[in-house]
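Have the sequence and the structure open, try each task, then follow the solution.

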Amino acid sequence: MIALGLEGSANKIGIGLISHPSTPSKPPIILANLRHTYVSPPGEGFLPKDTALHHRAWVVRLIKQAVRQAGVRVEDIDVICYTKGPGMGAPLQSVALAARTLALLWGKPMVGVNHCVGHIEMGRSITRALNPVVLYVSGGNTQVIAYSSQRYRIFGETLDIAIGNCIDRFARTLLIPNDPFPGYNVEQLAKHGRNLVDLPYTVKGMDASFSGILAAADVLAAGIGEDLDEGKRLRTEEGDLVTREDLCFSLQETVFAMLVEITERAMAHVGSTQVLVVGGVGSNERLQQMMGIMARDRGGSVFATDERFCIDNGIMIAHAGLLEYETGVVTKFEDTSCTQRFRTDEVYVGWRE
Amino acid sequence: MATPPPPHASQPDHILPPPFTHTPLTVLTQGAEALVYRTTFLTPSTPVALKYRPPKPYRHPVLDKRLTKARLLAEARVLVKCRKEGVKVPGVLGGDVENGWLALEWVEGRTVRVVLDEWVERGGENGEGENGEGVGVKEGEEELWDLMRRVGRAVARLHDIGVCHGDLTTTADTVSPQSSPASQPTGHELDGDIIIIDFGLATQTVGEEERAVDLYVLERAFAATHPAAEPLFREVLRVYGESFKGAKVVLKRLEDVRLRGRKRSMLG
Amino acid sequence: MAAVQTFYLPHYPTYPIHVCMFKDVSNAAHLRSQLLEANPEFDFAFLDATMILSPNHLLSASFLALHAHLTSRSKTRTPHSELVFRLHPNNNIGESYRKFGLSDSTTHIVAVKLSLSPSVTAEAVSRHLSQHIEGTSVEIGEGGEGMGMWADREKISKIYKLDVTTDRSGKKGRKEKVVNGDVGREGDEVKEMEMVILGIMTTKGS
């Protein structure tokens, strides 16, 4: 069976085509996986209105290109899957609208997919991790998830802003470019950081809070300007000047330690040794490395995907939607709306044991 | 609530910090954060639970030191506060927070979890009798109800002095036998003080949200034992509710927490 | 000869702790002056016996001092000054000596010698103290029995702020004195005090 997937919950529009072979033991075949990112200027975030405009401008082009690249005919497509939520309202709507139009035009059934479940299922499929604890980290989400009786249950999550949002806004404060994406540039700068600057570290049980770090970042950023008087500039205990690289390094060391800690606690709680990292922030190599050290310490291992699948994409929506479609579930046309709030544990996972 | 798995067999033993480096000790329990050993402290006849937070190799060493120290210190301070205010918790006999350890008073006794499990087993036998599956007060169960009241009072006392436990499960409550149990005939094995343990996630707060989450976590732990434990927990709550001034508000908040399942609703 | 009781801390068995108690001491002023001059012959911890609640109270301070010394984190000059310092709930060394050390009028003394080298034997300690302390040696039991018999619990409570509790509204106030004539309860009360004090000593300053 073949599914077309449309994703647009944040600043990326992704179109994917996937085929599930009739033998369930065979892995899914990725026929096409296209994406275009709306990049805002340095120091600015992406606004819902502009992002929706971007998605509208690209959606037809990408679908045409994906279908052509996949080499399938419209008749071959069994189902159209789209992101129902969670995410930003206007971008979600623009893509849902495209999906509905196509469904009517081609006479196809639809499946509305939970974005987070899309990430989880794609990660499991690519890495073959059977029953991992999942850390889902992106611009809009921070969740520690484990599967139990037909639900992806949230064991821990952010108490305020998402980790990706925290990194993006931190980058904005330091005027770090948004191209290709802020987290990538922070990661590159962090590689040259040497000094660890104290930042708030807030973990409560299996939950974490990131908003305090932003407030601290503003103060720190004000102390590293090269135009400042020598005497006013921020220094380490050893007297070295604190650099932008140091701040990126400190940010990563602090927030990733928080993520690894809450993940470890969930693993201890459910007795799992596998961890799967999904979502855009999951492509960060330092996070993967730290997670790997923790998992090894517990006698297990970490699974991660590269940026093709980590970062929002259409293929994961196609994949998760098709899994659901194969259990006989379709979303009625009148229910093919979208929603900004859509918790991972609201989805009935009928396709797993 | 899943039971934590036993320590992983293939894992190397941790090298303990001084002065325990050369004492061969066996791990009793291993959580995500801390290892617990049994040893003696100050005198050879004083048993203690040695709680050690080993360094986390994934963490920057400076950050690791800072966190370990801050957390052990916070835990020790909560315990000291409780003892000072007369709430039954393990005392702090010593420690070195810079090197990641505390020596805590050894608590004898059974956890409430064990008591409940045994009760569930017994209940199974009773179920065959003519009483059916009724969970009313049965002969010989009055002491179990009394135990629930003491649990309710213990949690209320803790909250009343401004401490929230943060991980209040049925394994965090221990029934300590009274000092002279030897002379007691059997049937009184549930007598004794309720001692609350495991304060690794505790905070000093009078927030009703934190208090309600404490109760919610405990409720879930009761429910995980057996559905029949529900009326027992109602008794815990009833007594909690009349044990201190702020309790009513907490019980109200507990209803909200139940509805949303601990987690707040949030944007995607 | 002064009666010495030697204690061995678990995990630090190679560093015995020699302890003597004296009453009716008449030369506290002299002992104090020797300490002030840092006379190496008087490298002891001389404590006001009314400030020592129980054997564990003293052993805890001894452990903390020894441990700080052996892990190179002492805050004071010698292991013995560290012991006096570790008894106090705050980080003020002078204040520690004023509260737990000797004054010119001290009559009841606990003298402690941390044995950091094998040459420091119980006999040597006994001989030296008999020679220099003008007072009556009092025997300590093998398990520390007798230590704490001169404890002034009110004074001790005050210095560790054991009588201050927080009520519901977060206001601090004096704890109501629980009047209890039951003699059996007295041991419990000391035990409770001791447990809180050990915790306070462990968490101080850091």
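**Exercise 1.** Find how many residues of domain 1 of chain C are in contact with domain 2 of chain C.

*Solution.* Step 1: take contact as heavy atoms within 4.5 Å; 13 residues of domain 1 of chain C then touch nine residues of domain 2 of chain C. The domains span 5-150 and 153-195, with bounds from an automatic or database domain assignment. This is a predicted model, where local features need pLDDT of at least 70, side-chain atom pairs count only at pLDDT 80 or more, and totals for chains, interfaces and linings use all residues. Residues are numbered from 1 along each chain as its sequence is written, chains are lettered from A and ligands numbered from 1 in the order written, and side-chain values use heavy atoms, leaving out hydrogens and water.

Step 1: the two domains bury about 910 Å² (accessible area, 1.4 Å probe, lost on being put together, summed over both). Carbon and sulfur atoms give 69% of that area. Met51(C), Leu53(C) and Pro89(C) supply 55% of what domain 1 of chain C buries here.

Step 2: look for salt bridges (a Lys or Arg side-chain nitrogen within 4 Å of an Asp or Glu carboxyl oxygen). The rule finds one across this interface: Asp48(C) pairs with Lys155(C), with closest N and O atoms 4.0 Å apart.

**Exercise 2.** Work out how many salt bridges join chain A and chain B.

*Solution.* Step 1: chain A brings 40 residues to the contact and chain B 27. Step 2: the buried area is about 2800 Å², 55% of it on carbon and sulfur atoms. Step 3: the rule gives five salt bridges. Among them, Glu261(A) pairs with Arg71(B), with closest N and O atoms 2.9 Å apart.
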